[in-house]
Amino acid sequence: MDMTTSASVPTGPDAATVGGTVTDRLVDANQRYAAAFTDPGMDARPVLHVAVVACMDARLDLHAALGLELGDCHTIRNAGGVVTDDVIRSLTISQRKLGTRSIVLIHHTGCGLESLTEDFRNELEAEVGQRPAWAVESFRDVDQDVRQSMQRVRTSPFLLHTDDVRGFVFDVKTGLLREVDPAS
Ligand SMILES: [Zn+2]
């Protein structure tokens, strides 16, 4: 089956850079987007009162995969979809200032963090002479990683709503979400 997503673009060695840098290409696309854009008159509060925390993986098109429309949700993404202090910062603002109540966590199969270890920090230190303050947050068991993220959200003292927190693994081969049982 041909996997086609809204993120599909022409492929080939020069596809990303025809007519300039990749950023030039994005700016050109924005001009076409803006030409067809009409202000929907929304305010900043997400319509579905939900925040989605997900990995930055390029194969995960959150809006298409979850049937989300413009204005529906907050999306917070980083390498691994890890619940870091900065993700808690965004979730706290999302809940306390912008009215969200539910949190969805999405990790995925084939994540780049599975092939890293915390030794990455040592490699960086050896190369640049400075050890990063952040953890790599690498993992081996994606289900356990989702459970840990759910736990970090549920135990945060800053969040108003931790009763509707669910975690999933997105399969990059099938496009399906699989829910992770927080208790198992
Ligand atoms: Zn990933």
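Visitor: How many of the 14 residues of H1 are buried?
Guide: First, this is a predicted model, where local features need pLDDT of at least 70 and side-chain atom pairs count only at pLDDT 80 or more, while totals for chains, interfaces and linings use all residues. Residues are numbered from 1 along each chain as its sequence is written. A residue is buried if 20 or more other C-beta atoms, placed from the backbone, lie within 10 Å of its own, exposed if 12 or fewer, and partly exposed in between. H1 is hardly covered, and its count of buried residues is zero.

Visitor: What distance does H1 reach from its first C-alpha to its last?
Guide: Helices (H or I, at least four residues) and strands (E, at least two) are DSSP runs numbered from the N terminus, and H1 takes in residues 22-35. The expected span is 1.5 Å times one less than the number of residues. That gives 20 Å for H1, and the reach in the model is close to it, at 20 Å.

Visitor: In what order do the strands of the open sheet run?
Guide: Strands pair if DSSP finds at least two bridges between them. S2 and S5 (177-180) are the edge strands, each pairing on one side only. With mixed pairing, the five strands have the order S2-S1-S3-S4-S5.

Visitor: What angle does the direction of H5 make with that of S4?
Guide: H5 packs on the sheet, touching S3, S4 and S5; contact here means C-beta atoms, placed from the backbone, within 7 Å. Axes are lines fitted to C-alpha atoms, for helices over the stretch in contact, and angles run from 0 to 180 degrees between N-to-C directions. For H5 and S4, the angle is about 155°.

Visitor: Why does His 49 count as partly exposed, rather than buried or exposed?
Guide: His 49 is in the loop between H1 and S1, and its phi is positive, near 55°, though it isn't a glycine. It counts as partly exposed because its number of C-beta neighbours inside 10 Å is 18.

Note on methods:
Contact = placed C-beta atoms within 7 Å.
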